[in-house]
Amino acid sequence: MLAFLLMANTVHADTTPTPPPARDLQAVMKDMGATYKALAAQTKDSTQTAAAIAGAAKLNGFVAEAATFYPDQLALLPADQQRVQQLQYLRAILNLRLATIDLEEALTAGNAQGVQDALAKLAQMRSGGHDQFKQD
Ligand code: HEM
């Protein structure tokens with residue numbers, strides 16, 4: 001049995017494709033930017049609701065990915081301030097994720113006011129996050 005498992009593992013290892021290159025926060029934010037831009041247009045067009053729902057789900061995934069990084073500049077802070085800022089970054093990103101859930105739910109329910117509210121919240125969080133964490 002053990003021999004079989006070892007062999008199966010070897011076969012698996014030989015056929016595993018090379019993983020894609022590691023991403024960084026900038027790459028994730030670029031994807032968030034493009035997805036958000038498309039969403040802003042799709043939500044204005046009632047024939048694009050399915051695409052908007054898919055876009056909101058995609059944005060949710062990118063925001064989850066953004067929570068696996070910290071902004072580079074925080075590494076330059078003294079250790080105690082660094083952790084305080086890291087936790088503030090994480091909280092802001094998790095709040096952003098909740099807003100993407102609000103957006104997808106409102107789109108799915110056909111709640112136009114909810115869609116507008118969620119988009120406004122996303123834009124507000126983007127400015128707040130960039131003011132605090134993004135270097136010019
Ligand atoms: C819907 C919301 C958001 C969108 C659409 C968005 C989009 C973007 C875009 C387009 C960039 C520039 C990427 C480039 O250099 O090409 C960027 C950078 C950045 N954003 Fe956001 N963002 C959002 C929310 C946030 C939030 C909430 C935070 C922080 C809590 C944040 C932190 C950052 C940081 C730190 C960078 C610089 C990354 C780097 O260059 O290493 N963003 N974002």
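In this predicted model, helices α4 and α5 pack with their axes 8 Å apart, at an angle of about 165°. An angle over 145 degrees counts as roughly antiparallel, and α4 is therefore roughly antiparallel to α5. Their crossing is left-handed. On the α4 side the contact includes Tyr-89, Ala-92, Asn-95, Leu-96 and Ala-99, and on the α5 side Gly-128, Gly-129 and Phe-133 are among the residues involved. By class, this contact of α4 with α5 holds 14 nonpolar, four polar and two charged residues.

Helix α4 also packs against α3, at an angle of about 165° and with the axes 9 Å apart. That angle makes α3 roughly antiparallel to α4. The crossing of α3 past α4 is left-handed. Among the residues in contact are Ala-52, Ile-53, Ala-56 and Val-63 of α3, together with Ile-93, Leu-96, Arg-97 and Glu-104 of α4. The residues of this contact of α3 with α4 comprise 13 nonpolar, four polar and two charged.

Helix α3 (residues 49-66) in turn meets α2 (residues 25-42): their axes come within 9 Å and cross at roughly 160°. The two helices, α2 and α3, are therefore roughly antiparallel to each other. The crossing of α2 past α3 is left-handed. From α2 the contact takes in Leu-25, Val-28, Met-29 and Met-32, among others, and from α3 it includes Gly-55, Leu-59, Phe-62 and Ala-66. The contact of α2 with α3 has 14 nonpolar, three polar and three charged residues.

| Helix pair | Angle | Axis distance |
|---|---|---|
| α2 and α3 | roughly 160° | within 9 Å |
| α3 and α4 | about 165° | 9 Å |
| α4 and α5 | about 165° | 8 Å |

Which helices supply the shell around the ligand? At least two residues each come from α2, α4 (79-109) and α5 (112-133). Helix α2 gives the most, with seven residues. Of the 20 residues around the ligand, those that come nearest are Met-29, Gly-33, Ala-92, Arg-126 and Gly-129. By class, the shell divides into 12 nonpolar, four polar and four charged residues.

Note on methods
Residues numbered from 1 in each chain as written. Predicted model: local features only at pLDDT ≥ 70, side-chain atom pairs only at ≥ 80, totals over all residues. Axes fitted to C-alpha atoms, helices over the stretch in contact; angles between N-to-C directions. Helix = DSSP H or I, 4+ residues; strand = E, 2+ residues; numbered from the N terminus. Parallel < 35°, antiparallel > 145°, perpendicular 65-115°, else oblique. Left-handed = near helix turned anticlockwise from the far one by under 90°. Contact = placed C-beta atoms within 7 Å. Nonpolar A, V, L, I, M, F, W, Y, C, P; charged D, E, K, R; others polar. Near = placed C-beta within 6 Å.
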